[in-house]
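Keep the viewer open and look up each residue as it comes along.

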Amino acid sequence: MTVGLSRIKVVGEAVAAAGHTLMLHPARVVPTAYLIGWILGTVLLRLPWCATNQDTTWWQAAFTSMSALCITGLAVVDTASHWSHLGQAVILLLIQVGGFGIMTLTSMVVFTVTRRVSPTVARIAKEETRSGLKDFRRLPARILFFSLACEGILALALTLRFMRRGMPSETATYHGVFHSISAFNNAGFALYPDNLVGFNQDPWIMVPIGMAIVVGGIGFPVWIELTDRWRGHVRRRLLSVHLRMTLWAYTALLLAGFLAVCLFEWSNPYTLGDQPLSGKLLGAFGGTVFPRTAGFNSIDYGEVTAPTLLVTDVLMMIGGGTAGTAGGLKVTTVAVLLLTVFAEIRGEEVTIVGGRRLSNECVRSALAVAVLGTTVVFTAVLVMAAHEPFALDHLVFEAISAFGTVGLSTGLTTRVSHLSWGVLMVLMYLGRVGPVSAAAALAMRARLRRFEYPPEDPLVG
């Protein structure tokens with residue numbers, strides 16, 4: 001999350017206010033909320049009524065709960081056959097809570113209970129959604145309405161299509177609702193053993209799901225600004241830097257990923273090689289949309305070529321937009337870093353985007369997020385590689401998929417040891433709550449230095 005130091009202070013004040021209200025340490029509000037949700041989800045999934053005729057171990061329940069709450073999609077058991085309807089309902093509830101956002105839910109609960117909003121709590125909503133302070137009271141309702149509307153439209157479209165494919169109406173409705181919630185929240189849980197590979201040639205399923213993933217993953221700030229402009233609530237003629245950077249970066253990555261999957265998988269007999277033209281195009285479409293933290297499968301990633309694995313690693317690590325249902329480093333973080341590098345190559349002292357100058361604090365924050373995220377993934381891969389006999393590129397794929405809350409897998413998730421399950425759960429947790437908790441922690445320790453040291457730089461490069 002590319003926030004400057006001043007914005008980090010605002011986030012810290014907001015977290016502090018919410019934490020005081022909830023009797024929690026300010027820097028632990030969001031991580032604690034996720035831990036509580038994870039524990040509750042684990043206990044519920046461990047109940048015998050949540051499984052079919054199989055026993056659910058604590059490891060299986062804990063991993064599934066973390067994956068659903070962090071809207072990742074990695075699974076250690078088959079969602080359709082292992083979990084009963086009650087268990088699947090618990091998974092959907094965890095997905096919905098994780099997608100809606102613990103911070104938004106916390107703000108809404110505080111307002112509902114106290115019937116008032118402190119300025120500090122309101123500021124966090126402004127920073128997360130780009131809305132004004134006066135719009136804070138309507139913010140949770142807007143986000144909830146937007147989410148439910150998108151999920152409802154997709155559920156209707158999928159239900160009708162499943163019925164056309166021969167499903168009974170009740171089954172089609174259930175599958176439509178389940179996959180719509182999973183898709184919009186970028187969760188990736190599916191009710192089929194091969195995920196969505198079996199629908200690879202059906203555009204009436206692949207395209208709506210792909211569109212819902214983009215809508216949910218691009219970030220609420222983008223849609224709030226666009227809707228406010230459409231309704232005439234924004235007088236400023238120029239689009240915000242955040243909106244422009246998000247749209248350009250997201251579109252560029254979608255096109256680049258589509259071309260890469262076509263290039264490297266077009267003739268692969270185990271993925272797209274034996275598909276007709278429509279199947280190849282839809283498979284490539286899914287291969288570039290789903291890695292943006294959605295986690296659905298349109299191709300078997302256990303059979304893709306090495307270049308496709310590498311491209312998918314990059315797409316998963318970058319992720320989607322800020323304050324949306326996607327994970328990863330976020331497209332704006334990577335865009336800020338790339339634009340800064342280009343500015344340095346051109347010999348420019350500042351980074352300019354659309355006639356606006358990016359602050360040094362923004363660049364430093366983007367660099368910190370990227371370095372910390374990369375370090376976490378590298379450490380996890382090192383631990384897994386020391387205990388697992390599998391290929392390194394597949395271990396890297398699983399680790400990035402977990403940290404980016406993507407959910408794609410080459411098939412190793414069900415085969416690795418419990419130690420690696422624990423590592424993947426930590427990655428999912430850090431990938432989801434890391435940016436918010438890091439911002440709060442930095443704000444709690446931020447100090448204004450009233451003196452400067454003399455400058456001296458080392459040689460670089």
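Helices (H or I, at least four residues) and strands (E, at least two) are DSSP runs, numbered from the N terminus. You are looking at a predicted model, in which local features need pLDDT of at least 70, side-chain atom pairs count only at pLDDT 80 or more, and totals for chains, interfaces and linings use all residues. Residues are numbered from 1 along each chain as its sequence is written, and side-chain values use heavy atoms, with hydrogens and water left out.

**The whole chain**
- The secondary structure comes to 18 helices and two strands.
- Of the 461 residues, 53% count as buried; buried means under 20% relative accessible area, exposed over 50%, and partly exposed in between (1.4 Å probe, protein chains only).
- The chain exposes about 22000 Å², and carbon and sulfur atoms supply 65% of that area; accessible areas come from the Shrake-Rupley method with a 1.4 Å probe, and for residues only the protein chains shown count as cover.

- Asn186 is buried, with a relative accessible area of 0%.
- Not counting residues up to four places away in sequence, Asn186 touches several residues, among them Ile71, Thr72, Ile213, Arg292 and Thr405; contact means heavy atoms within 4.5 Å.

**The nonpolar core**
- A nonpolar core is a set of buried Ala, Val, Leu, Ile, Met, Phe, Trp, Tyr and Cys residues joined through side-chain atoms within 4.5 Å.
- The largest one has 59 residues, and those with the most contacts inside it include Phe63, Ile95 and Phe189.
- Helix H18 (residues 418–445) gives the largest share of this core, eight residues.
- Leaving aside its neighbours within four places in sequence, Ile95 is in contact with Ala68, Ile71, Ile181, Asn185, Ala187 and Phe189.

**Helix H13**
- Helix H13 (residues 277–289) has 13 residues and reaches 18 Å from its first C-alpha to its last, close to the 18 Å expected at 1.5 Å a residue; the expected span is 1.5 Å times one less than the number of residues.
- Among the buried residues of H13 are Gly279, Leu282, Gly286 and Val289.
- The buried residues of H13 pack against H10, helix H12 (241–265) and helix H14 (306–318).

**A residue of helix H15**
- Val341 lies in helix H15 (residues 331–345).
- Val341 is partly exposed, with a relative accessible area of 45%.
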